[in-house]
Amino acid sequence: MAAVASHRPCAGLRQQRAGRAAHRSLPAFMSAVYDAASDDYYNVPGVETRVPFFGSTKAFRYPDPDDKNFSYMEKLVERLEKMGYRDGETMFGAPYDFRYAVAPVGRPSRVGSTFFRALKNLVERASRLNGGRPVIIFTHSYGGTLAHQFLIRRPLPWRRRFVRRFVPVAAPWGGLVLGMQVLLSGNNLALPFVDPLALRPEYRSLQSTLWPLPSPAVFGTAQPLVTTKSRNYSAGDVADFLDAIGLGDAVGPYESRVLPLFGELPAPLRVPVSCVVGVGVGTPERMVYPGDDFDVTPGVVVGDGDGLVNLASLVAVEKSWSRAGHFRMVKVPNVSHTGILMEDRALDIVIHEIKLAN
């Protein structure tokens with residue numbers, strides 16, 4: 001059986017299709033607020049959101065179920081159905097509000113904790129509906145790091161009882177260099193007609209924007225990732241970088257809620273794991289600014305990866321998890337971050353890893 005865990009946004013957040021006016025209606029839905037007193041993130045006052053289809057794979061077929069022009073996970077779901085999996089019976093989905101991220105143990109995380117409780121119940125329910133058999137947990141991208149946090153917080157006997165195999169695809173274990181750049185350029189979340197800069201303030205407000213920042217455990221503290229005329233910024237200088245780009249208010253949450261999770265390499269789960277990653281695609285590994293102005297377009301030094309996640313991050317867990325046993329690292333050449341679930345040759349490899357558990 002398969003339990004699918006990944007961060008999929010609520011359709012109402014993702015698509016406010018009003019042509020060129022979209023950016024005027026989206027921010028109120030998308031923005032989040034960090035409250036230092038409670039040390040947690042919330043919707044802006046007066047806004048309520050929900051993530052539909054929890055427990056079902058409907059949320060994975062299309063970013064917006066009302067607009068079926070694009071999907072990078074539909075092929076995967078269709079292939080699993082051809083193998084005999086059935087939505088709500090042997091195949092389940094765990095969509096997640098992409099704006100939020102969990103906090104370290106002991107710190108408040110209202111949305112994250114609620115999701116983890118629901119995911120635990122879903123895994124146990126999926127097992128119960130299928131004769132008590134353990135489940136396969138499949139994830140893509142940020143869903144991999146999120147699922148790892150879920151699993152590592154469960155007792156080892158629970159993991160070995162309920163998890164037959166964990167299959168993270170394209171997981172950014174140590175963040176990505178573009179995690180720094182997107183804070184400068186903004187992100188239009190694939191919305192048509194919307195300038196990424198128009199959403200930059202809203203994107204910067206989200207808790208999840210801090211998770212992709214490069215980890216010093218993977219990128220080190222000597223390698224420059226962002227260069228200006230007067231300063232180099234490495235993964236060890238992220239706090240200074242946030243301050244330099246006008247995000248000083250994010251330094252506290254970054255140091256208290258992100259670094260404790262990603263300051264070291266992710267711990268082995270001690271259950272069978274198949275990591276599948278794309279390699280051989282040009283991926284930004286350094287941003288070079290001609291002066292000290294971050295509002296100009298930087299030069300880009302390109303290295304290996306999947307076009308979004310750097311190779312060092314994709315394979316960061318390979319050595320330590322291999323030593324723990326029951327681990328496979330599968331590298332698919334010349335395939336991108338989303339192409340790994342869209343191109344048939346890559347999807348064949350992903351499906352093979354799922355079949356290993358059966």
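Mentor: Let's settle one term before we zoom in: a residue is called buried when its relative accessible area is under 20%. Keep in mind, too, that this is a predicted model. By that cut-off, 55% of the 358 residues of the chain are buried. The chain has 15 helices and 12 strands, and its accessible surface is about 14,900 Å², with 51% of that belonging to carbon and sulfur atoms. If you take the contacts with a separation of 6 or more, 73% of them are between residues 24 or more positions apart.

Now for your close look. Two packed helices are described by the angle between their axes and the distance between the axes. The pair to pick is helix 4, residues 74-82, and helix 15, residues 344-356; their axes come within 11 Å and cross at roughly 50°. As for the hand, helix 4 passes helix 15 in a right-handed crossing. On the helix 4 side, the contact is made by Lys75, Leu76, Arg79 and Leu80. Helix 15 brings Asp344, Leu347, Asp348, Ile351 and Ile354 to it.

Next, the cores. The largest nonpolar core has 70 residues, and Trp211 and Leu242 touch the most other members. Helix 5, residues 110-129, gives this core its largest share, six residues.

Back at Trp211, if you set aside neighbours within four places in sequence, the residues in contact include Ala101, Val102, Tyr142, Leu146, Val258 and Phe262.

While you're at Tyr142, glance at Ser141, in the loop between strand 5 (135-140) and helix 6 (142-152). Ser141 isn't a glycine, yet has a positive phi of about 60°. With a relative accessible area of 11%, Ser141 is buried. Asp39 is another one to check: also not a glycine, with a positive phi of about 55°. You'll find Asp39 in the loop between strand 2 (32-35) and strand 3 (40-43), and at 10% relative accessibility Asp39 counts as buried.

Notes. Residues are numbered from 1 along each chain as its sequence is written. This is a predicted model: local features need pLDDT of at least 70, side-chain atom pairs count only at pLDDT 80 or more; totals for chains, interfaces and linings use all residues. Side-chain values use heavy atoms; hydrogens and water are left out. Helices (H or I, at least four residues) and strands (E, at least two) are DSSP runs, numbered from the N terminus. Buried means under 20% relative accessible area, exposed over 50%, partly exposed in between (1.4 Å probe, protein chains only). Contact means heavy atoms within 4.5 Å. Accessible areas come from the Shrake-Rupley method with a 1.4 Å probe; for residues, only the protein chains shown count as cover. A nonpolar core is a set of buried Ala, Val, Leu, Ile, Met, Phe, Trp, Tyr and Cys residues joined through side-chain atoms within 4.5 Å. Axes are lines fitted to C-alpha atoms, for helices over the stretch in contact, and angles run from 0 to 180 degrees between N-to-C directions. A crossing is left-handed if the near helix is turned anticlockwise from the far one by less than a right angle, and right-handed if clockwise.
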